[in-house]
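Please read them with the coordinates open.

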Amino acid sequence: MKRVTFYLGIALAVLSFSSCRNGGKSIITPVSSGRPYEVMVVADDKCWMSPDSALFHVLDTDVPGLPQPERSFRISRVRPDAFNRSVRLFRNIIIVDIQDIYTQPKFKYTRDAYSSPQMIMTIQAPNQQEFADYVSKNGQVIIDFFTRAEMNRQVKLLEKKHSELISTKVKSLFDCDIWMPVELESYKVGKDFLWASSNLNDLNFVMYSYPFRDKNTFTKEYFIHKRDSVMKVNLPGEREGMYMETSDSIFLTTRNIAVKGDYAFEARGLWDMKNDAMGGPFVSHVRVDREHARVIVVEGFVYNPGKLKRDQIRKLNAALYTLQLPSEKEVSEIPVDNTISEEKVNKEEAEQNKQ
């Protein structure tokens with residue numbers, strides 16, 4: 001009986017500790033609400049309803065490299081006086097802070113202030129005009145910030161659960177590792193080449209390598225040439241004369257990015273099947289494995305005719321960041337823009353502000 005009383009006392013103590021409140025806040029951070037790629041803006045009518053509505057137009061931008069228009073984010077808005085306890089649990093929040101106490105516009109952000117996982121970006125500006133100009137000029141910064149926040153959440157999920165089959169194949173073929181979605185269950189192997197696909201063929205992953213020659217490797221023209229030659233050999237269609245190729249190069253965008261602090265070349269565009277009616281979007285990362293003097297290309301492409309593809313291509317893009325070259329460690333997080341300052345949140349102050 002004493003033992004039962006002892007364990008019951010421990011259980012009650014733990015329960016009391018879990019429900020203990022500092023200023024009304026549980027020490028357990030609530031789970032954030034909202035769907036992936038959904039952003040809530042906290043702004044007054046003067047800002048949000050202004051003729052230019054700069055912030056709305058930035059968030060409403062179409063995702064590049066998709067065959068049909070799809071917005072970067074699902075957008076909602078609340079007035080500052082409605083930014084209450086339940087609303088503050090949202091996963092992605094932008095707070096517009098326009099006051100004449102500021103001398104210039106600025107971005108800053110906090111993590112997990114009211115829920116987890118959560119990212120809150122605050123945009124400060126001395127007046128409406130400078131706010132609009134700053135947001136318009138730095139629109140891509142805002143888009144990339146929240147896109148990377150969502151991709152980091154996807155990376156965390158992949159770390160816990162990913163395709164062990166694909167990881168094993170990548171290790172044996174390339175001496176690398178990568179965390180791909182568990183849906184990818186089928187694969188095909190070629191010379192320095194791997195293709196993996198879900199059973200529905202909607203999610204696809206391609207990896208190939210070739211010797212590193214010179215810096216001209218990282219050009220739009222060379223990328224298309226190399227990609228098309230590799231795909232023609234390894235991804236033929238059902239009949240002779242059918243094979244995957246890169247669609248019109250005017251739809252292909254490239255940029256230099258950083259992966260694990262090292263240089264990488266990103267390409268986004270559309271693919272189609274030569275002499276067939278198949279096609280869709282793709283995203284590729286081109287990286288250098290200096291230890292073996294070779295170039296490693298990892299690519300995700302989607303085949304999902306007649307349906308939206310934004311979340312699928314972003315899911316695959318997040319997975320590409322997990323590529324681990326032979327001399328590298330596992331990825332922990334895709335860094336946010338280092339020009340945006342992070343403010344460590346004071347939990348007690350955050351809770352007091354909620355009251």
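This is a predicted model: local features need pLDDT of at least 70, side-chain atom pairs count only at pLDDT 80 or more; totals for chains, interfaces and linings use all residues.

1. The loop between β6 (106–111) and β7 (119–125) contains Pro117. The peptide bond that joins Ser116 to Pro117 is cis, with omega at about -5°. Most residues other than glycine have a negative phi, and most peptide bonds are trans.

2. Two residues other than glycine have a positive phi and deserve a look. For Asp192, phi is near 50°; the residue sits in the loop between β8 (184–190) and β9 (193–198). For Lys260, phi is near 55°, and its place is the loop between β12 and β13. Asp192 counts as partly exposed because its relative accessibility is 38%, which lies between the 20% and 50% cut-offs. Lys260, at 30% relative accessible area, is partly exposed as well.

3. On the overall make-up: the protein has nine helices and 16 strands. Of its 355 residues, 48% are buried. Taking contacts between residues at least 6 apart in sequence, 64% join residues at least 24 apart. The exposed surface comes to about 18,400 Å², and carbon and sulfur atoms supply 53% of that area.

4. Helix α7 (residues 220–234) has 15 residues, so at 1.5 Å a residue it should span 21 Å. The C-alpha atoms at its ends are 21 Å apart, in agreement with that value. The buried residues of α7 are Phe223, Ile224, Lys226, Arg227, Val230, Met231 and Asn234. Lys226 and Arg227 are therefore under the 20% cut-off in relative accessible area.

5. The second largest pocket has a volume of about 350 Å³. Its lining has 20 residues, and those closest to the centre are Pro64, Gln140, Asp144, Arg255 and Arg268. At least two lining residues come from each of α5 (139–160), β12 (253–259), β13 (262–273) and α8 (310–320). Which element gives the most to this lining? That is α5, with six residues. By type, the lining of the second largest pocket divides into six nonpolar, seven polar and seven charged residues.

6. Helix α5 also holds Phe145. Phe145 has a relative accessible area of 2% and is therefore buried. Setting aside residues up to four places away in sequence, Phe145 touches Tyr109, Met119, Met121, Val336 and Ile340.

7. Gly269 belongs to strand β13. Is Gly269 buried or exposed? With a relative accessible area of 0%, Gly269 is buried. Residues up to four places away in sequence left out, Gly269 touches Gly65, Phe251, Leu252, Gly280, Pro281 and Phe282. The C-alpha atoms of Gly269 and Asp248 are 8.7 Å apart, with 21 residues of separation in sequence.

8. Leu203 is in strand β10 (residues 203–211) and is buried, at 5% relative accessible area. Neighbours within four places in sequence aside, Leu203 is in contact with Glu183, Leu184, Ala196, Ser197, Ser198, Phe301, Gln312 and Leu316. For the pair Leu203 and Leu316, 113 residues apart along the chain, the C-alpha separation is 7.8 Å.

9. Asn304 lies in the loop between β15 (294–302) and α8. At 13% relative accessible area, Asn304 falls under the 20% cut-off and so counts as buried. Apart from residues up to four places away in sequence, Asn304 touches Lys309 and Gln312. Gln312 is also among the contacts of Leu203. Between Asn304 and Asp202 there are 5.3 Å, C-alpha to C-alpha, and 102 residues in sequence.

Definitions and conventions:
Residues are numbered from 1 along each chain as its sequence is written. Side-chain values use heavy atoms; hydrogens and water are left out. Helices (H or I, at least four residues) and strands (E, at least two) are DSSP runs, numbered from the N terminus. The expected span of a helix is 1.5 Å times one less than its number of residues. Buried means under 20% relative accessible area, exposed over 50%, partly exposed in between (1.4 Å probe, protein chains only). Contact means heavy atoms within 4.5 Å. Accessible areas come from the Shrake-Rupley method with a 1.4 Å probe; for residues, only the protein chains shown count as cover. On a 1 Å grid over the protein atoms alone, a cavity is a set of points where a 1.4 Å probe fits but cannot get out, and a pocket is an open set with protein on both sides within 12 Å along at least five of seven lines; lining residues have an atom within 4 Å of a point. Grid points are joined across faces, edges and corners, and a volume is the space filled by probe spheres set on the points. Ala, Val, Leu, Ile, Met, Phe, Trp, Tyr, Cys and Pro count as nonpolar, Asp, Glu, Lys and Arg as charged, and the others, Gly among them, as polar.
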